[in-house]
Amino acid sequence: MAAAACLHYGTPASIKIQQKQQPTRNWMMMQGLRRGNGEASKRVGVTNCSGNSGIEIGDFIGGDLLKPDLGRWLSDVEKHKAIAIYTPHEGGYEGRYLNRLRYLGYYFLDLSARGLGDPETTLTKVYPVCPAHVGKQPIARWYFPPEVDYRLAALPPSAKGLVVWIIEAKVLSKSELQFLALLPTLRPKVRVIAECGNW
């Protein structure tokens with residue numbers, strides 16, 4: 001019987017709940033003023049929702065905030081291999097999900113969609129980068145290895161795979177998102193998780 005604290009104003013009138021309140025001097029004075037004015041006595045304070053009433057704290061703020069469904073998360077990552085997620089503004093979920101995948105043996109490549117360029121070229125092909133030149137300096141071109149192939153080659157043999165975690169994926173076009181959805185087909189040890197917006 002785990003008791004959880006919830007606000008009195010959030011409970012429906014039909015639910016019978018037990019209320020605990022510390023009798024302080026100010027509280028007693030307020031009770032006396034209310035009775036003296038002839039108003040209906042109104043209780044304000046913290047309410048305990050016990051297991052007898054069948055109500056839990058998850059009924060008030062959403063059960064997923066208390067215990068994320070990590071088992072379903074892991075099965076979805078294994079089944080679909082590419083997932084678009086919508087994270088809450090306050091954050092926190094990403095870390096829980098990332099840590100659970102890390103415990104399973106996955107390694108991570110964290111990227112931001114802003115400045116990524118063409119995902120197909122950046123992730124799977126040798127791509128050129130032209131650094132900014134100032135004034136009369138010669139224009140240079142550097143070549144970088146494909147990010148995914150480079151990381152896959154560096155994985156230890158005990159690794160389960162590589163997770164490409166892309167934040168701010170809401171700025172990607174549909175064709176770029178389609179390529180990210182196909183990337184696990186092209187590279188079987190790769191999983192893709194794209195944060196496509198806020199929930």
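Two strands count as paired if DSSP finds at least two bridges between them. In this predicted model, strand E8 (residues 161-167) and strand E9 (residues 190-198) meet that condition, with five bridges in the parallel sense. One of the residues involved is Val-163, whose bridge partner in E9 is Arg-191. In general, the strands of a sheet pair through backbone hydrogen bonds, and the pairing may be parallel or antiparallel.

E8 and E9 belong to an open sheet of four strands, in the order E4-E9-E8-E5, and the pairing is parallel. Strand E4 (82-87) and strand E5 (106-112) are at the edges; each has a single partner strand, so one side of each has no neighbour in the sheet. From one strand to the next, the twist averages 25°. A helix also belongs in this picture: H5, residues 93-104, lies across E4, E5, E8 and E9. Helix H5 runs at about 145° to E5.

The next topic is the aromatic side chains. A pair of aromatic rings is described by two values, the distance of the centres and the angle of the planes. How many aromatic pairs does the structure hold? There are four. One of them joins Trp-73 and Trp-165, with 6.4 Å from centre to centre and 50° between the planes, and this pair is tilted. Trp-73 lies in helix H4 (residues 70-80) and Trp-165 in strand E8, so the pair links distant parts of the chain, 92 residues apart.

Are these two tryptophans buried or exposed? A residue is buried when its relative accessible area is under 20%. Trp-73 has 7% relative accessibility and therefore counts as buried. Trp-165, with a relative accessible area of 3%, is buried as well.

Another pair consists of Tyr-127 and Phe-144. Their ring centres are 5.9 Å apart and their planes are at 25°; planes under 30 degrees apart count as stacked, so this pair is stacked. Tyr-127 is in strand E6 (residues 127-129) and Phe-144 is in strand E7 (residues 142-144), so the pair ties together parts that are 17 residues apart in sequence. The relative accessible area of Tyr-127 is 13%, so Tyr-127 is buried. For Phe-144 the value is 34%, and Phe-144 is therefore partly exposed.

Which residues do ring pairs link into a cluster? They are Trp-73, Tyr-97, Phe-108 and Trp-165.

Technical notes
Residues numbered from 1 in each chain as written. Predicted model: local features only at pLDDT ≥ 70, side-chain atom pairs only at ≥ 80, totals over all residues. Heavy atoms only, no water. Helix = DSSP H or I, 4+ residues; strand = E, 2+ residues; numbered from the N terminus. Axes fitted to C-alpha atoms, helices over the stretch in contact; angles between N-to-C directions. Contact = heavy atoms within 4.5 Å. Phe/Tyr/Trp six-rings, centres within 6.5 Å; stacked < 30°, edge-to-face > 60°. Buried < 20%, exposed > 50% of the residue type's maximum accessible area, 1.4 Å probe, protein only.
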